[in-house]
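Hi,

Here is the structure I promised to pass on. Have a look at it first, and then read on for what turned up.

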Amino acid sequence: MIRKRLNFNTVTNESKTFARKFLLEYNILVVFTLNDSWADCKKSTVGLETDVPLNEFYSLMFHELSHILAYRSKKFYKYHHDKASNEYMWKHGLRIERWIDKRAKSMMNLYMPDMKFVPAYRNEESLNSYYEWLKEHYPITNEADKGAKK
Ligand SMILES: [Zn+2]
């Protein structure tokens, strides 16, 4: 039997417990997933993927926390309350995600100054998957109407 070498950079039960307690301070519940991180703002629940390096795991935690804080303070109201039109999503979605992520970075730098933040929606792969997600959930027939800035 080959045992996986212990690596302090991986997500452990201790890091999951830490995330659970940390988010509980904000009355947020967490479920752990293998390949998808998300925030259900209405239910104050987040999903965090664990099959990532530890600093990415915490970056995702702060990103999803940032969404829920925005929802609670009614920032980007349309975006977080399911009232955004397809056109709105194409025009503002990425900018909003980056604002959310920027605050996530500030929070992580404050709470975990030694941990390197992994930004979301900054490399080609994550941008492509974002646009795929938009196409699927907020389809627009006329390409010219998308107005998406890359
Ligand atoms: Zn996000």
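Let me start with a helix pair. Tyr-58, Ser-59, Phe-62, His-63, Ser-66, His-67 and Ala-70 of H2 meet Ile-100, Asp-101, Arg-103, Ala-104, Met-107 and Met-108 of H4. Sorted by class, this contact between H2 and H4 comprises seven nonpolar, four polar and two charged residues. Please keep in mind throughout that this is a predicted model.

As for the geometry of that pair, the axes of H2 and H4 (residues 86-111) come within 8 Å and cross at roughly 120 degrees. Angles of 65 to 115 degrees would count as roughly perpendicular, and only those over 145 as roughly antiparallel, so H2 and H4 are oblique to each other. The crossing of H2 past H4 is right-handed.

Now the chain as a whole. It has five helices and three strands, and along the sequence these follow the pattern α-β-β-β-α-α-α-α. Of its 150 residues, 21% count as buried. Among the contacts between residues at least 6 apart in sequence, 52% join residues at least 24 apart.

The strands come next, and E3 (residues 45-49) has pairings with both E1 and E2. Strand E1 (residues 29-33) runs parallel to E3, and five bridges join them; Thr-33 has Glu-49 in E3 as its bridge partner. Strand E2 (residues 38-40), by contrast, pairs with E3 in the antiparallel sense, over three bridges. Here Asp-40 has Thr-45 in E3 as its bridge partner. E2 and E3 form a hairpin with four residues between them, and Ser-44 in the turn has a positive phi of about 50 degrees.

Lys-74 is not a glycine, yet has a positive phi of about 60 degrees. Lys-74 sits in the loop between H2 and H3, and is exposed, with 9 other C-beta atoms within 10 Å. Tyr-121 also has a positive phi, near 60 degrees, and is likewise a residue other than glycine. Its place is in the loop between H4 and helix H5 (124-137). Tyr-121 counts as partly exposed, because 16 C-beta neighbours lie inside 10 Å and the cut-off for buried is 20 or more.

Phe-76 lies between helix H2 (54-72) and helix H3 (77-80). Phe-76 and Ile-96 are 20 residues apart along the chain, and their C-alpha atoms are separated by 7.3 Å. Ala-70 is also one of the H2 residues in the contact with H4. With 19 C-beta neighbours inside 10 Å, Phe-76 counts as partly exposed, since a buried residue needs 20 or more.

Happy browsing, and do write back with any thoughts.

Best wishes

How values were computed
Residues are numbered from 1 along each chain as its sequence is written. This is a predicted model: local features need pLDDT of at least 70, side-chain atom pairs count only at pLDDT 80 or more; totals for chains, interfaces and linings use all residues. Helices (H or I, at least four residues) and strands (E, at least two) are DSSP runs, numbered from the N terminus. A residue is buried if 20 or more other C-beta atoms lie within 10 Å of its own, exposed if 12 or fewer, and partly exposed in between; C-beta atoms are placed from the backbone. Axes are lines fitted to C-alpha atoms, for helices over the stretch in contact, and angles run from 0 to 180 degrees between N-to-C directions. Angles under 35 degrees count as roughly parallel, over 145 as roughly antiparallel, 65 to 115 as roughly perpendicular and the rest as oblique. A crossing is left-handed if the near helix is turned anticlockwise from the far one by less than a right angle, and right-handed if clockwise. Two residues are in contact if their C-beta atoms, placed from the backbone, lie within 7 Å. Ala, Val, Leu, Ile, Met, Phe, Trp, Tyr, Cys and Pro count as nonpolar, Asp, Glu, Lys and Arg as charged, and the others, Gly among them, as polar. Two strands pair if DSSP finds at least two bridges between them.
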